[in-house]
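Please work through the exercises below with the sequence and the model in view. Each task is followed by a solution in steps.

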Amino acid sequence: MMDYMALAKPMVVFDLPERRITAGDSALYAKPNDVLELACQIAKLIKEPDLCTKLGKIGRKRVEDYLAWEHQKKRLLSLYMDLV
């Protein structure tokens, strides 16, 4: 997911908590394990190029403003130090 977001690409994913936390509003979601709904969401992206652009921009901004190393390093290093 992070690769797609960093490259400003739209994506469709199954709706799982960790995906919501990471992608936020930058993805279209399908019910877990519902391949028909997943396919329908992919078809929606194919039919709506403006939506693709919008989702891609949201994902890229999310990486830049929240998920990039510069924003996460303190938290991740602290967690690592607690584990060792």
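**Exercise 1.** Determine which residue's side chain meets that of Asp15 in a salt bridge.

*Solution.* A salt bridge requires a side-chain nitrogen of Lys or Arg within 4 Å of a carboxyl oxygen of Asp or Glu. The side chain of Arg20 meets that of Asp15 at 2.8 Å, N to O. The model is predicted: local features need pLDDT of at least 70, side-chain atom pairs count only at pLDDT 80 or more, and totals for chains, interfaces and linings use all residues. Residues are numbered from 1 along each chain as its sequence is written, and side-chain values use heavy atoms, with hydrogens and water left out. Next, consider accessibility, where buried means under 20% relative accessible area, exposed over 50%, and partly exposed in between (1.4 Å probe, protein chains only). Asp15 is partly exposed at 28%, and Arg20 is partly exposed at 40%.

**Exercise 2.** Identify the salt-bridge partners of Arg60 and Lys61.

*Solution.* Arg60 pairs with Glu64, the closest N and O atoms being 2.7 Å apart. Both residues lie in helix 4, four residues apart, about one turn of the helix; helices are DSSP runs (H or I, at least four residues), numbered from the N terminus. Arg60 is partly exposed at 34%, as is Glu64 at 39%. Lys61 pairs with Asp65, with closest N and O atoms 2.5 Å apart. Lys61 and Asp65 are likewise four residues apart in helix 4, and Asp65 is partly exposed at 43%. The count of salt bridges comes to three.

Technical notes:
Helix = DSSP H or I, 4+ residues; strand = E, 2+ residues; numbered from the N terminus.
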